[in-house]
Amino acid sequence: AAVAAASTPPSDAHSPSTHGTRGLSTTQSELVSKTAELADTFTKLVEAHRQLEAKSAMVVEQDTKLVDSQSELVSTLKELAATRVELVDTHLELGSKSATMAE
């Protein structure tokens with residue numbers, strides 16, 4: 001009888017063990033939770049990236065406007081310099097005419 005009992009498997013040997021099931025359920029629940037957290041983080045990263053791209057585009061646009069404004073300023077300064085030269089020439093001509101008239 002002892003030999004028969006030792007060679008006979010317990011009645012629940014082929015049924016699934018419930019010992020590790022609770023641990024697996026907890027692990028699966030944790031994985032689902034972590035997956036949801038990762039998805040949320042990914043969504044936030046995508047949105048942050050989109051905002052960064054939009055801000056970058058705005059910076060490029062502002063930089064282009066600045067370059068255009070600087071070019072306009074350089075042109076205006078050149079025109080001003082040319083006008084000063086004309087003004088000096090006119091002043092010298094007037095001074096020369098005044099000297100001639102004074103004689």
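1. Helix 2 spans residues 21-102 and contains L77, where helices (H or I, at least four residues) are DSSP runs numbered from the N terminus. This is a predicted model, in which local features need pLDDT of at least 70 and side-chain atom pairs count only at pLDDT 80 or more, while totals for chains, interfaces and linings use all residues. Residues are numbered from 1 along each chain as its sequence is written, and side-chain values use heavy atoms, with hydrogens and water left out.

2. Together with L73 and L80, L77 forms a nonpolar surface patch that has about 280 Å² of accessible area. Such a patch joins nonpolar side chains (Val, Leu, Ile, Met, Phe, Trp, Tyr) within 5 Å, or like charges within 9 Å, among residues with over 30% relative accessible area and no salt bridge; the areas come from the Shrake-Rupley method with a 1.4 Å probe, and for residues only the protein chains shown count as cover.

3. There are three salt bridges in the structure, each defined as a side-chain nitrogen of Lys or Arg within 4 Å of a carboxyl oxygen of Asp or Glu. One of them links K44 to D40, with 3.3 Å between the closest N and O atoms, and both residues lie in helix 2, four residues apart, or about one turn.

4. K44 is exposed at 55% relative accessible area, whereas D40 is partly exposed at 39% (buried is under 20%, exposed over 50%, partly exposed in between, with a 1.4 Å probe and protein chains only).

5. R50 pairs with E47 in a salt bridge whose closest N and O atoms are 2.6 Å apart, and K65 meets E61 in another, at 3.6 Å from N to O.

Notes. Helix = DSSP H or I, 4+ residues; strand = E, 2+ residues; numbered from the N terminus.
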